[in-house]
Amino acid sequence: LQLPADLTKMHLTDNPHPQVTHVPSSQSGCSIASDSGSSSLSDIYQATESEMGDVDLTGLPEAPVDSEDEEEEEDEDIDRTSDPLLGRDVVRECLEKEPADKTDDDIEQLLEFMHQLPAFANMTMSVRRELCSVMIFEVVEQAGAIILEDGQELDSWYVILNGTVEISYPDGKSESLCMGNSFGITPSLDKQYMNGVVRTKVDDCQFVCIAQQDYWRILNHVEKNTHKVEEEGEIVMVKEHRELDRSGTRKGHIVIKATPERLIMHLIEEHSIVDPTYIEDFLLTYRTFLTSPLEVGNKLLEWFKVDNLRDKVTRVVLLWVNNHFNDFEGDPAMTRFLEEFEKNLENTKMKGHLRLLNIACAAKAKWRQITLQKPSRDSPLFFSLLGGSDKGFGIFVETVEMGSKAAEAGLKRGDQV
């Protein structure tokens, strides 16, 4: 019971002549299409349910069972690939190649390693990739070796991969730099000179070096491709222009950083063809920069009142429920948000979206047991039920009194008994 990945392709109206198209189970659970541009959602549940029967394995060819020797070899392979030292050896092999000899696989290996280092932390993926393609590997084996003299003309940017270096400044102060730190030139073509002496503190110090010309070119090119959005004199969002293929057909701006408020607002803005998963990415990561999901929920309820934003808001909520149902199930405030959003869908007669929301909630809900004790037989239950055999559907909790024993026990509107 999965929702289709791209809900924007669905035409949600109540046409009495549905045209439901089944797709393989490896893709989304259901998909809807209609030549007339509209289709009914009355049979979606049956369409998704039909794919949930018992799996028939008859007729499948039997694979030969591996021998014990083969299993031992596989175990050895797994042990080798899971060894972090082996991973470093692979990275070193890639580093020791000349820039012209590095393959795309080599650059991906370097990229995976370099993105963990502080020196590359504030760079975009495309910048890191280009830097990885031109970097040169150097090793200084002896401790106490001088790498740069005071006043020496600089021609490279250095990042430490292993070991520690010390910078001794002319005023007597010193600074130690370790793995992931950088020193050397700034991204400029002007002549630059070293202030202080750089020497190794331990044996086997390893560096990657990037020539001044390459460093300036890569970072300057990115600056040209960067679009900054300002509000009241402050930068609130930074976008980077990217091309996903050489034909130039898939190009546009992708958000690389923004204020929390601007990131929330971008949920309902037009998304570039090169940034199609912005909503999913936001919903996956918002807890790292927001204190509460209600900051997003309250904005969505506010935007729902605007007619031309209603479809976009509904798509965000459907993706949220489908991908991260625990955000609602484990938070009473978010459960209330979902109930209010459901009422808004009912009031605006958005029956197709409402049915999708119900399907998503039913698919993600989990069994649980609730014990509710009454002081006497005549005591009120503090909740009401809906349904039964005379109605033709199951028994559901319709309302739960806020602050009551039933609410404290965990009973929620929409629970099926």
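So, a disulfide here is a pair of cysteine sulfur atoms within 2.5 Å. Go by that rule, and the count for this protein is 0 disulfides. Take Cys132: no disulfide there, and the nearest cysteine sulfur, belonging to Cys94, sits 9.9 Å away. Cys132 is also buried, at a relative accessible area of 0%, where buried means under 20%, exposed over 50%, and partly exposed in between, with a 1.4 Å probe and protein chains only. Cys178, by contrast in class, counts as partly exposed, because its relative accessibility is 41%.

Before I go on, a word on what we're looking at. This is a predicted model, where local features need pLDDT of at least 70 and side-chain atom pairs count only at pLDDT 80 or more, while totals for chains, interfaces and linings use all residues. Residues are numbered from 1 along each chain as its sequence is written, and side-chain values use heavy atoms, with hydrogens and water left out.

Okay, the overall picture. We have 14 helices and 15 strands; those are DSSP runs numbered from the N terminus, H or I of at least four residues for helices, E of at least two for strands. The protein has 417 residues, and 35% of them count as buried. As for contacts, meaning heavy atoms within 4.5 Å: among those between residues at least 6 apart in sequence, 59% join residues at least 24 apart.

Now to the helices I wanted to show you, starting with H9 and H10. How are H9 and H10 oriented, roughly parallel or roughly antiparallel? Their axes are 8 Å apart and the angle is about 150°, so they're roughly antiparallel. For the record, axes are lines fitted to C-alpha atoms, for helices over the stretch in contact, and angles run from 0 to 180 degrees between N-to-C directions. Under 35 degrees counts as roughly parallel, over 145 as roughly antiparallel, 65 to 115 as roughly perpendicular, and the rest as oblique. The H9 and H10 crossing is left-handed, which is the case where the near helix is turned anticlockwise from the far one by less than a right angle; clockwise would be right-handed. On the H9 side you'll find Val296, Gly297, Leu300, Trp303 and Phe304, and they meet Arg310, Val313, Thr314, Val316, Val317 and Trp320 of H10. By class that contact has 8 nonpolar, 2 polar and 1 charged residues. The nonpolar set is Ala, Val, Leu, Ile, Met, Phe, Trp, Tyr, Cys and Pro; Asp, Glu, Lys and Arg are charged; the others, Gly among them, are polar.

Between H9 (294–304) and H10 (310–323) there's a loop, and Lys305 is in it. Lys305 is exposed, at 68% relative accessibility. Its C-alpha is 9.8 Å from that of Thr348, which is 43 residues away along the chain.

Next, H10 with H13, residues 351–364: the angle is about 10° and the axes are 9 Å apart, so this pair is roughly parallel. It's another left-handed crossing. From H10 we get Asp311, Thr314, Leu318, Val321 and Asn322, and from H13 His353, Leu356, Leu357, Ala360, Cys361 and Lys364. Those divide into 6 nonpolar, 3 polar and 2 charged.

Last pair: H12, residues 332–347, packs with H13 at about 150°, axes 9 Å apart, and that makes them roughly antiparallel. Here Leu338, Phe341, Glu342, Leu345 and Glu346 of H12 touch His353, Leu354, Leu357, Asn358 and Cys361 of H13.
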